[in-house]
Amino acid sequence: MGKVAIYKCGDYEYNRVLDTVAKVLDDIPSIKLLRPGRVLVKTNLLKLNKPEDGVTTHPFVVEGVVRYLQGLGHHVLIGDSPGGPFNPVILKAIYDASGIASVAARTGCELNFSTDSIDVKPQNSKLVHSLKLVKAFTEVDYVISCAKLKTHTMMTYTGAVKNLFGMIPGVTKADYHLKLNDIAHFADMLLDVCDYVRPDFSIIDGIHAMEGDGPSSGDIRELGLLLAGESPYELDHSAAKIAGLSNVPTIIQAEARGLFDQKDIEYTNITPEELTVLPFRLPGSTHVNFVKGRIPKYVENFLLDSIRPYPMVKKDLCVGCGICARNCPPKVISMVDHKAVIDTEHCIRCFCCHELCPEKAIGIKRHPLHRLVFGK
C-alpha cells in the first residue's frame with residue numbers, strides 16, 4: 001500500500017512551513033531508506049513569477065524539502081525547465097524572481113544552470129519511445145517532484161505527474177504539444193515521462209493553490225494543505241479528490257494503465273473525506289460532456305471539434321512582447337501592429353499562449369452553443 005500524508009498549513013509563515021514539510025515527509029518512511037546521494041528537487045517554475053503569484057512552488061516549501069534531504073546526508077540540486085527558451089540567463093532570472101535563488105543562498109544547495117539534453121528510450125512506455133530530457137536531471141541518484149496544486153487549461157489539473165513535464169528541455173516541450181494535441185495521448189505521454197523518471201517521492205504545495213484558468217492565470221485558492229506521497233499517481237488522485245476535480249486525464253489514464261489503485265492508498269494523517277472543500281472552479285477551456293452516449297459518436301465528435309473553447313487575445317492587455325508567438329507549437333500566432341493575432345482555424349487548443357503570457361492577455365473564448373451543449 002502506498003502512503004499519502006496530508007497536513008494542514010494555513011499560510012506561508014517560514015517556520016510553520018518548514019515544520020509542516022518535515023511532518024509530511026516524516027510520514028513517508030521510505031524516504032529514510034534512501035542512501036545518501038545526489039537528489040534533484042524538481043520544482044515547478046513555469047515562467048517569471050513571484051511566489052505571491054501562486055504560479056510556482058513556494059520557495060519555503062522547496063526549502064523545507066531541501067533541508068530535510070540535507071539532514072539525511074543528501075546533496076541537493078534544484079532545477080526545472082520552464083516554458084519557452086532554456087538558457088542560463090533566463091534560468092537565473094526565474095530563480096531570482098521565484099525566490100529559489102534565496103533558497104540556495106540560505107541552504108547552500110546547488111541550482112541547475114546546465115541546458116544540455118540527452119535522448120533516452122523508456123522501456124515500458126505506451127506512447128513515447130524516445131524522450132529528450134535535461135541531461136543534468138538524469139545524472140542524479142534520486143528525483144523528487146516538488147509540485148504546485150493548480151487547475152490546468154489543457155489537462156484540467158496539474159500536480160506531481162504533470163510537474164515532471166519540466167524534465168523536458170525548453171521549447172522541445174512545444175514539439176510534444178504539436179505531435180500529441182489529443183488530450184488522452186498527451187496524458188499518456190506525461191505518464192510515460194513519469195514512469196521513466198520514477199520520482200522517489202512527491203510533495204505538493206497546496207497552501208495557496210490555484211483554480212479557474214490555471215496554471216498561470218487562475219485565481220489563488222487558500223487551501224491550506226501540504227501533501228506528500230510515495231506514488232505521484234496516488235498523490236495526484238488524492239489532491240484532485242480534495243479539490244473536487246474529476247475526469248482528470250492523467251489520473252484516468254494512470255488508473256487504466258494499472259499504475260495505481262485508489263483502494264491501495266493508506267492515509268497517514270488526514271483523509272480527503274475528512275476535509276470539507278468547495279470544488280475548485282474549472283478552467284474556461286474544460287467542460288463536462290453531457291452529450292456523451294446520447295447522440296451518435298460522429299455527431300458528438302463534430303460538436304466537440306466545432307465548439308471547443310479557444311484562446312483569444314485581449315488587445316487592451318497585450319504589450320506586443322511576442323512570447324506567445326515564439327512559443328506557439330503550431331506557429332499560428334503572428335504579431336500585427338505590436339499585438340498578437342491568433343489563427344484560430346489552425347489552433348490546436350494547447351493553450352501554451354495562455355499559460356506563458358506574462359500580462360494575462362490571452363483569454364479563453366467559448367462558443368455560444370457551449371453552455372447549451374455542455375452546461376456551465
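1. Basis. Residues are numbered from 1 along each chain as its sequence is written, and side-chain values use heavy atoms, with hydrogens and water left out. In this predicted model, local features need pLDDT of at least 70 and side-chain atom pairs count only at pLDDT 80 or more, while totals for chains, interfaces and linings use all residues.

2. Aromatic pairs. Rings of Phe, Tyr and Trp (its six-membered ring) pair if their centres lie within 6.5 Å; planes under 30 degrees apart are stacked, over 60 edge-to-face, and the rest tilted. The count by this rule is four aromatic pairs. One of them joins Phe165 and Tyr176, edge-to-face, at 6.5 Å centre to centre with 80 degrees between the planes. Phe165 sits in the loop between β8 (156-158) and α6 (172-179), and Tyr176 in helix α6, eleven residues apart. Helices (H or I, at least four residues) and strands (E, at least two) are DSSP runs, numbered from the N terminus.

3. Phe186 belongs to helix α7 (residues 183-197), so the pair ties together parts 21 residues apart in sequence. Phe165, Tyr176 and Phe186 form one aromatic cluster.

4. Backbone. The peptide bond from Gly214 to Pro215 is cis, with omega near 15 degrees. Pro215 is in the loop between β9 (201-211) and β10 (219-221).

5. Positive phi. Leu46, not a glycine, has a positive phi of about 65 degrees, and lies in the loop between β2 (38-43) and α2 (59-71).
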